[in-house]
Amino acid sequence: MNPANKLFKHHILRWVSSHQPLNPLKTQSNQNPRFYARQVVVSVSAQDQNFGGTSTSNGDNAVKISVAVVREAQAALLDYLHSTRSLQFLDAECMSKKSPNFLKKLLEKVGNDPRTTRSSLTRFFRYHPINEFEPFFESMGLDASDFIPLLPRDLMFLSDGANLLDNYHVLCNYGIPRDKIGKVYKEAREVFEYDYGVLQSKLRAYERLGLGESAVIKVVSCSPDLLVGDVNEEFSQVWGKLKFLGFENNCLEEHLVEENSYNWRRILELLYVLSDLGGNEAELASVLRRHPELLFDGSASVTFSIIGFLLKFGSMKNDVYSMFLQLPQLKVRNVLGNLRKGFNFLVQIGMDAEEIAKIIRSHAALLGSCRLMKTNTVLQYLGIGKKRLCDIIIEEPRELKNWVLGAKVKKLPPGNRQEERSREDKIKFLSNIGFTENSPQMSKALKDFRGTGLEIQQRFDCLVKAGLDQKDVKRMIKVSPQILNSTVEVLQEKIDYLVNCLGYPVTKLVSFPAFLSYTKSRIWLRHSMYKWLVEQRAARPGLSLSTIIACTDKVFVKTYVNRHRKGLAVWEELKDTVSSIPNL
């Protein structure tokens, strides 16, 4: 390039970098009088996004940019880009029709008279070459705030960008919409510097993973960084695991949102976490089919927040997994919001921290499905105080579902006859099994019992039907009243586990009723460790269940596990195993 051409290009670049509208009150000496005599300065408001009926101003007079002016301006820009600059027709057409802000800036310089718009712009382009990257980036779906930092400092013609248009055409021909390619350029600019054939081979590599073209288009539009480097290992593993669980291509097409970006490493981590919580592949697949947003909402960050929330309140792995199995038909983001609001609700009514934790552990799915009213609203509708509301929820947490937004809440009568009836039923039940009315023992039992009087009677009957004598059951309740806080289903499961899995007679519960209060995972872990120690002759056979199970982990490890040199390693291995056993 000779010095004269360098100087010309330097002046053009200086002109392009200036975006200030011409001052209508001041004539510049270097203007062409014949050309600028027709100039009308148009001021376009920032909120106007479409041309048709756009309000502009010329001095104090409001002016409209008509559809006719828009069409003439688009035609002039198309002709310039295709005929003068030799861009492909489809490229030139897209740039002329999908860069409204750039056209508005042009009209600011030549006016908006439909009779002269095309000729004025044609003359303008003749003497003022444009920075082609501006309409190009805008037509790719980028806002000015996004593409201005991306404008090359020393280029203004698209043809000067090495491999830019070639790779742009590869993406277009593959099927990626032109107005979505801007995201690819913004997040993975390296893609547009690839040599011939490289980008096409990367797209085909994802097809070889078993994805169809439409799925590849959706994935690449959401995560352009997948086209940088080799096939993304995290994405490959995510897709492989989803295929193993029985998912098809349309899973990605339906649930990925092009406006979002995805962290495939975090999604992969969640798949491993969900598998580690327990259950089998069929259950996991069922959960993900009902709630695919577990993986894709916030790249699994919302789901990790739910898991963290539950673990914070002492939930075990199987509790968390059970919650996902019972997950309501709501968006996962809403479930997280409901859990947090439910926690705040319980805090605001002054509930004890331990009671809050118990309710969250036992009724997580219920809290996640309820969008509760504000605390003061519930108190006002019910006509009661915080203390009584606490007692109602502790007595029956499922009452919470009656106070969701939109529900009709009736004022409770003074003293709440239903509550009184339930208390009377409990007192009657306790009297029948030998408690003295108004005694400290009965007061403690009334406080410890959860559920209605009818439910407690059903749990008592369940123990009798299991083969225990009524007198024995009554003595058991006096020793460990908390055993009647478990539902009938849970009691039946634990009795079945005692008899059919551990091999003890049901009468073993008479001497150790607290067995029914411990989790099956704790029982399995302690019994398995003890059984191994007996086989290694490191523990005396015939120890009672209460001796094995009732002590703390620290005492159990110190007293029994450490008796064998490999005991601690086996203990840790069993702890890892128990979390993977379904229904423990």
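## Starting at Val-273

Leaving aside neighbours within four places in sequence, Val-273 is in contact with Phe-304 and Ile-307, where contact means heavy atoms within 4.5 Å. Val-273 sits in helix 15; helices here are DSSP runs of H or I with at least four residues, strands are runs of E with at least two, and both are numbered from the N terminus. With a relative accessibility of 27%, Val-273 counts as partly exposed. On this scale, buried means under 20% relative accessible area, exposed means over 50%, and partly exposed lies in between, using a 1.4 Å probe and protein chains only. The C-alpha atoms of Val-273 and Lys-317 are separated by 9.9 Å, although the two residues are 44 apart along the chain.

## The model as a whole

This is a predicted model, in which local features need pLDDT of at least 70 and side-chain atom pairs count only at pLDDT 80 or more, while totals for chains, interfaces and linings use all residues. Residues are numbered from 1 along each chain as its sequence is written, and side-chain values use heavy atoms, with hydrogens and water left out.

The protein chain holds 34 helices and three strands. It has 584 residues, of which 45% count as buried. If you take the contacts between residues at least 6 apart in sequence, 70% of them join residues at least 24 apart.

## Helix 15 and its partner

Let's return to the helix we began with. Helix 15 has 14 residues and reaches 20 Å from its first C-alpha to its last, close to the expected 20 Å; the expected span is 1.5 Å times one less than the number of residues. Its buried residues are Trp-264, Ile-267, Leu-268, Leu-270, Leu-271, Leu-274 and Leu-277. These buried residues pack against helix 13 (233-244), helix 16, helix 17, helix 18 and helix 19.

How are helix 15 and helix 19 arranged? They pack at an angle of about 110°, and their axes are 8 Å apart. Axes are lines fitted to C-alpha atoms, for helices over the stretch in contact, and angles run from 0 to 180 degrees between N-to-C directions. Helix 15 and helix 19 are therefore roughly perpendicular to each other, as angles of 65 to 115 degrees count as roughly perpendicular, those under 35 as roughly parallel, those over 145 as roughly antiparallel and the rest as oblique. On the helix 15 side, the contact is made by Leu-274, Asp-276 and Leu-277, and on the helix 19 side by Lys-317, Asn-318, Val-320, Tyr-321 and Phe-324. Five of the residues in this contact are nonpolar, one is polar and two are charged. Here Ala, Val, Leu, Ile, Met, Phe, Trp, Tyr, Cys and Pro count as nonpolar, Asp, Glu, Lys and Arg as charged, and the others, Gly among them, as polar.

## Helix 18 and its buried side

Helix 18 (residues 301-312) has twelve residues and spans 16 Å from first C-alpha to last, close to the 16 Å expected. Which residues of helix 18 are buried? They are Val-302, Thr-303, Ile-306, Ile-307, Phe-309 and Leu-310. Those residues cover an arc of only 160° around the axis, so they are on the same side of helix 18; the arc is that of the directions from the helix axis to the C-beta atoms. What covers them includes helix 15 (264-277), helix 17 (293-296), helix 19 (317-325) and helix 20 (332-348).

## Positive phi angles

Most residues other than glycine have a negative phi. Ala-300 is not a glycine, yet its phi is positive, about 75°. Ala-300 lies in the loop between helix 17 and helix 18 and is buried, with a relative accessible area of 0%. Arg-537 also has a positive phi, of about 60°, without being a glycine. Arg-537 is in the loop between helix 31 (520-535) and helix 32 (545-549), and at 79% relative accessibility it counts as exposed.

## Two buried loop residues

His-291 is in the loop between helix 16 (281-290) and helix 17. At 1% relative accessibility, His-291 counts as buried. Not counting residues up to four places away in sequence, His-291 touches Leu-327, Pro-328, Gln-329 and Leu-330.

Leu-502 is in the loop between helix 29 (488-501) and helix 30 (508-511). Leu-502 is buried too, with a relative accessible area of 13%. Not counting residues up to four places away in sequence, Leu-502 touches Tyr-497, Phe-515, Ile-523 and His-527.
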